[in-house]
Each structure stands twice: as C-alpha cells, then as structure tokens.
Amino acid sequence: ALSNSRGESVGRRKAHHYKNTNKQRYEAIKVALKTYEDLKGDMLVPQRFVVPEDDLIWPEKTWGLKLGRVVTNIRLEKGYVKNRADLESIGFNYDPQILHRRYNLVKVALRTYEDLYGDMLVPGGFVVPANDMIWPEETWDMNLGMVVTDIRRGRSY
C-alpha cells in the first residue's frame, strides 16, 4: 500500500496504461522526461528504463511508461516527429550519439576516481567536483555516485 507524506495509507494504484489519446500520451512523456531530468540531472534515459509503478516521486499518469524505448524512438525520429521543437524547448537532445558520448565520459570519470581513490567503490552521493583540475572538465558536476548506483542496479549502461 502507498502512503502519503503524512504516513497515511492511500491504497494501491494501478499503473497508467496508455490506451488514451496521443495528446495525453505525449503529455505524459513530457512530464516523465522532466521528472527524469529532475532526478538524474539529464534526459539521457537508458533504453531499458521503465517508469516505476507505485512510486510517488513520479506522477501517476507516467507509471509503467517504457520511457527508455520512447526516447530511443524519438531520437531515431520514429515517433513524435511533429513535437521536435516542443521537446527541444524543454531541453531534449535529439543526437542519437549522445548516449555513447555520455558512456565515454562516465568511463573517464570512473578511471579518474580509481586513480585518486584506488578503487571504483564510488559512494552514492559522490559528485565530481567542479573547478578541480585533477578531474577532466567535461566530468565536472557529474553525479558519479548516482550513475554507479544505477549501473549496479542494472538500470543503465
């Protein structure tokens, strides 16, 4: 059962299945992208990512959405082509190579972390320090701890 911020039971809700209009689905996708960005700091959604159900951090209308698959199709221009300008206006990057570049940055950050600390046991809250010349500038402010946590849980890379 779910509970609200006051600890009161609000019952169990079903995932929102997308048998609604294209406009409603598109709005749910935009909300999910912004929520993902708020949580992760970017819209680089891994292809396997599905919005969790019964997680009150995510708006209910996004629960169960296969956001990673949707994002991949959008970047390959297989869906929501008419919405490109709107998606770009909220910060969505259409470059299909962006995930490959992001993966390479994560590798650089992990190698730097290993050089500095002797292992890759990155704490969950670790953020690459900005303006620290030991770290490559393109990795500054990367939430490396969250990235590693996601990797360990099989959510990305």
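The following is a dialogue about how terms are applied to this predicted model.

Student: What should I know about the model before reading values from it?

Tutor: The model is predicted, with local features needing pLDDT of at least 70 and side-chain atom pairs counting only at pLDDT 80 or more, while totals for chains, interfaces and linings use all residues. Residues are numbered from 1 along each chain as its sequence is written, and side-chain values use heavy atoms, with hydrogens and water left out.

Student: How many helices and strands does the protein have, and what makes a run count as one?

Tutor: Five helices and two strands are present, in the order β-β-α-α-α-α-α along the sequence. Helices are DSSP runs of H or I with at least four residues, strands are runs of E with at least two, and both are numbered from the N terminus.

Student: Why is Phe92 called buried?

Tutor: Buried means under 20% relative accessible area, exposed means over 50%, and partly exposed lies in between (1.4 Å probe, protein chains only). Phe92 has a relative accessible area of 4%, so Phe92 is buried. Phe92 belongs to the loop between H3 and H4. Across the protein, buried residues make up 36% of the 157 residues.

Student: Which residues is Phe92 in contact with, leaving aside its neighbours within four places in sequence?

Tutor: Contact means heavy atoms within 4.5 Å. On that basis Phe92 is in contact with Leu33, Met43, Val71, Ile74, Arg75 and Leu87. The C-alpha atoms of Phe92 and Ile74 are separated by 9.8 Å, and the two residues are 18 apart along the chain.

Student: What makes Lys30 and Asp86 a salt bridge?

Tutor: The term requires a side-chain nitrogen of Lys or Arg within 4 Å of a carboxyl oxygen of Asp or Glu. The closest N and O atoms of Lys30 and Asp86 are 3.0 Å apart, and the pair forms a salt bridge. Lys30 lies in helix H1 (residues 22-40) and Asp86 in helix H3 (residues 84-89), so the pair ties together parts that are 56 residues apart in sequence. The structure holds five salt bridges.

Student: Is Lys30 buried or exposed, and how is Asp86 classed?

Tutor: Lys30 has 18% relative accessibility and therefore counts as buried. Asp86, at 29%, counts as partly exposed.

Student: How do you know that Asp150 and Lys40 meet in a salt bridge?

Tutor: Their N to O distance is 2.6 Å, and the limit is 4 Å. Asp150 lies in helix H5 and Lys40 in helix H1, so this pair ties together parts that are 110 residues apart in sequence. Asp150, at 8% relative accessibility, counts as buried, whereas Lys40, at 21%, is partly exposed. Asp150 is also among the buried residues of H5 (residues 144-152), which include Leu144 and Val147.

Student: What links Glu77, Arg84 and Glu88?

Tutor: These residues are linked in a network of salt bridges. Within it, the side chains of Glu77 and Arg84 meet at 2.5 Å, N to O. Glu77 has 45% relative accessibility and so counts as partly exposed; Arg84, at 30%, also counts as partly exposed.

Student: What makes the charged end of Arg84 sit over the ring of Tyr94?

Tutor: A charge sits over a ring if NZ of Lys or CZ of Arg is within 6 Å of the ring centre and within 35 degrees of the ring normal. The charged end of Arg84 is 4.0 Å from the centre of the Tyr94 ring and sits over it.

Student: Why is the aromatic pair of Tyr113 and Tyr117 called tilted?

Tutor: A search of the whole structure finds eight aromatic pairs. In the one formed by Tyr113 and Tyr117, the distance is 4.4 Å centre to centre, with 35° between the planes. Rings of Phe, Tyr and Trp (its six-membered ring) pair if their centres lie within 6.5 Å; planes under 30 degrees apart count as stacked, over 60 as edge-to-face and the rest as tilted, so the angle of 35° falls under tilted. Tyr113, Tyr117, Phe126 and Trp135 form one aromatic cluster.

Student: Where do Tyr113 and Tyr117 lie, and how is each classed by accessibility?

Tutor: Both lie in helix H4, four residues apart, about one turn of the helix. Tyr113, at 6% relative accessibility, counts as buried, while Tyr117, with a relative accessible area of 47%, is partly exposed.
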